[in-house]
Amino acid sequence: MSLIHVSSLTKSYDARPVVRGVDLDVEAGEIVGVLGPNGAGKSTLVECIGGLRRRDSGTVCVDGLDPDDDPPALRAILGTQLQEARLPKKTTPREVLDLYRSFYPAPRDTDELLARFGLSAQADHRFERLSGGQQQRLSVGLALVGNPRIAILDELTTGLDPAARREIWDFLAELRREGVTILLVTHFMEEAQHLCDRVAILDGGRVTAFDSPDALASAAGGVQRIRFTPSRPLGGQETARLLDLPDVTDLTVDGDRVTVTGGEDAVGALVTHLAAIGVSARGLRVEAPNLDDAYLSLTTPHRSEDQQ
Ligand SMILES: Nc1ncnc2c1ncn2[C@@H]1O[C@H](COP(=O)(O)OP(=O)(O)OP(=O)(O)O)[C@@H](O)[C@H]1O
């Protein structure tokens, strides 16, 4: 069986269904991303998996254990980072890391973690004096202090500057090499693309897709965007003619920049046609479909609560 097995999971708040029959299997050593709009149920789902919330129905099995039973064996192998770190204002990173270390049989070293998360200089500062990004880094460190085999990380790089984000990505890549299994809630497509072996897209409490980032991107329809500046202005008819080219589906003009959308054959047809009318395509860029395209095609933007 998979290391994390979820089937038909449901959870409601005040009779309002938020997670509506989720199936999810995560294999040992994978990094699996959970993506979806605000309110899609991502945190609720991973909190049910991590034993922080009780599900209403369905099955959750983590390394053979049911998190609702709160088994000590599960606490020993699971590290969870919550969306918002809520720590006492007057404690310091060193104190809180030392406290969390004491809960685990084989924890990581406090100074190593402080250095790893760029907090050595703030080790003895009160939590309330840390910046938002430093608080965030501490909360990721706390999830990992117990040397967990499974880590559940909820929006781990929100609020971090690009360098800190890269450092955390490198650390997660290292953890993956050590065989740690990671369930990662994120709003950053680049993060999911960079780190995740597979991505589950959650919309309105249901998984609408679960596959590798590349497979999701290809399934988004194989649409490419071709951007260029014509070497001379195109007339109205010349511009309209581009829409008739094979495999071209859409066209927008913004100043002197033209964007043509279409399938795999569109770029060849476009370049050949432009050459035939004596125009070259300056600054030509072809953007392949990416995870953003897949995400947008698989989720409902601004789904209101009464639509759920
Ligand atoms: N403790 C709670 N009591 C009542 N409603 C809740 C509770 N926690 C979450 N909700 C509601 O459940 C829905 C799903 O919330 P959840 O936090 O799981 O979504 P999410 O996908 O993680 O959202 P976000 O991307 O904004 O963090 C939201 O409408 C939220 O307001």
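Visitor: Which residue stands opposite T181 in β7?

Guide: In this predicted model, the residue that stands opposite T181 of β7 is I150. That pair belongs to the contact between β6, residues 150-154, and β7, where five bridges join the two strands in the parallel sense. Between these strands the chain passes from β6 through helix α6, residues 162-177, to β7, and the β-α-β crossover made in this way is right-handed.

Visitor: Which residue stands opposite L183 in β7?

Guide: Opposite L183 of β7 you will find V32. Strand β3, residues 31-35, runs parallel to β7, and four bridges join the two.

Visitor: In what order do the strands form the sheet?

Guide: The sheet is open and has six strands, in the order β5-β6-β7-β3-β8-β9, with mixed pairing. Its edge strands are β5 (78-81) and β9 (206-211), each of which pairs on one side only. From one strand to the next, the twist averages 15°.

Visitor: How should I read the two faces of a strand, and which residues of β7 lie on each side?

Guide: The general idea is that side chains in a regular strand alternate between the two faces of the sheet. In β7, T181, L183 and V185 lie on one side and I182 and L184 on the other, and all of these are buried, so that both faces are covered, a residue counting as buried if 20 or more other C-beta atoms lie within 10 Å of its own. Taken as a whole, β7, residues 181-185, is mostly covered, with five of its five residues buried.

Visitor: Turning to the ligand, how many residues surround it, and which are the closest?

Guide: Eleven residues surround the ligand, and the closest are Y13, N38, K42, S43 and T44. Helix α1, residues 42-49, gives the largest share of this shell, with three residues. Sorted by class, the shell has three nonpolar, six polar and two charged residues.

Visitor: Finally, which domains does the assignment give for the protein chain, and how far apart do their C-alpha centres lie?

Guide: The domain assignment gives domain 1 as 4-218 and domain 2 as 223-287. The C-alpha centres of domain 1 and domain 2 lie 44 Å apart.

Conventions. Residues numbered from 1 in each chain as written. Predicted model: local features only at pLDDT ≥ 70, side-chain atom pairs only at ≥ 80, totals over all residues. Buried ≥ 20, exposed ≤ 12 C-beta atoms within 10 Å, placed from the backbone. Pairing = 2+ DSSP bridges. Right-handed = clockwise from strand over helix to strand, strands pointing away. Domains from an automatic or database assignment. Near = placed C-beta within 6 Å. Nonpolar A, V, L, I, M, F, W, Y, C, P; charged D, E, K, R; others polar. Axes fitted to C-alpha atoms, helices over the stretch in contact; angles between N-to-C directions.
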